[in-house]
Amino acid sequence: MISSSHEAMHGIFTHNAAAVGHAFRVLALPFPDPVAVEQISVDLTDTAPVERRADTILRVTTAVDEFLLIVEAQSSSDNSRVAAWSYYVTFLHNKYRLPVVLVVVCHDKETATWASKPLTLTYRGWTCFTLLPIVLGPHNVPAITDPADVLADLPLAALSAITHAREPEIGAILESIIIAFRRHGLDGETAFYAELIEQGISHTDAAQLWRDKMETDLSFFRSESAQRLRAQGREEGLEEGVGLGVGLGVARSVLTVLTGRGIELSAAQRELLAGTTDLDQLNAWLLQAVTATRAGELFD
């Protein structure tokens, strides 16, 4: 059964494609920045009557190659996961003929230490398979305690809260997020990440601290308008919601690529990009952004 923390990890990585690049930079990994991220089916069931589902599987396109990224949330050490994760990696490699990278997001240092070691399948001392995941946890995800840093990088702030949920600094992290949200005000992004944080830390003592802060400092998140927005989203259906989230992620990727290449957008161009929901158009812009020399090549 999928837990709230698993749903939160899924939301962070699928809502904003840039979150994948954040994970790489946090760990100083030599991976190219993604220019496109596509969610693919998490159903890994083969002909055998055993259901196998990963938390999140993404197809990541960079300027030079492609690979698959499996994102798994783990709240405690569990050696039975080695067999499941090994199956995920080999199944996806055989099916898509692409490199496969496993990311495990841990909620405490003990679990992160366990997951960071080579995970092996052995028989009488003979190692048959070795799996080395990329691990995100309180040991390498920074504690975001500056409201300005929160607003600059909402996906990383959410990851910071979730991975430090059992650490002493969680109070300062949540306080900085509350202050940042108060300064920014209520919109779709802050409401989205507020919900993700609540899901991601729901299994820890920090959950009540977060709820108390939300009630006292951010009462507008519990307001009639906020409830109406969430109800509207539920009525529109999961499929449309996922589509809108993917579209927003691609639009942000277009902006990230252009900004990284030193190409500035006018106010009108930014408004056009933000208001476009056609995924075919957004993906076309993303491909053009990799080689464009000026914004007009995309929007004129």
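Helices α7 and α8 (residues 188-200) pack at an angle of about 160°, and their axes lie 11 Å apart. This is a predicted model, where local features need pLDDT of at least 70 and side-chain atom pairs count only at pLDDT 80 or more, while totals for chains, interfaces and linings use all residues. Residues are numbered from 1 along each chain as its sequence is written, and side-chain values use heavy atoms, leaving out hydrogens and water.

**α7 with α8**
- With that angle, α7 and α8 are roughly antiparallel to each other (angles over 145 degrees count as such).
- The crossing of α7 and α8 is left-handed, meaning that the near helix is turned anticlockwise from the far one by less than a right angle.
- On the α7 side, Leu-174, Ile-177, Phe-181 and His-184 make the contact (heavy atoms within 4.5 Å); α8 brings Thr-190, Tyr-193, Ala-194 and Ile-197.
- Sorted by class, this contact has 6 nonpolar, 2 polar and no charged residues. Ala, Val, Leu, Ile, Met, Phe, Trp, Tyr, Cys and Pro count as nonpolar, Asp, Glu, Lys and Arg as charged, and the others, Gly among them, as polar.

**α6 with α7**
- Helix α6 (residues 154-163) meets α7 (residues 170-184) with axes that come within 9 Å and cross at roughly 150°.
- That crossing angle makes α6 roughly antiparallel to α7.
- α6 and α7 also cross in a left-handed way.
- Leu-154, Ala-157, Ser-160 and Ala-161 of α6 touch Ile-170, Ile-173, Leu-174, Ile-177 and Phe-181 of α7.
- The α6 and α7 contact counts 8 nonpolar residues, 1 polar and no charged ones.

Note on methods:
Axes are lines fitted to C-alpha atoms, for helices over the stretch in contact, and angles run from 0 to 180 degrees between N-to-C directions. Helices (H or I, at least four residues) and strands (E, at least two) are DSSP runs, numbered from the N terminus. Angles under 35 degrees count as roughly parallel, over 145 as roughly antiparallel, 65 to 115 as roughly perpendicular and the rest as oblique.
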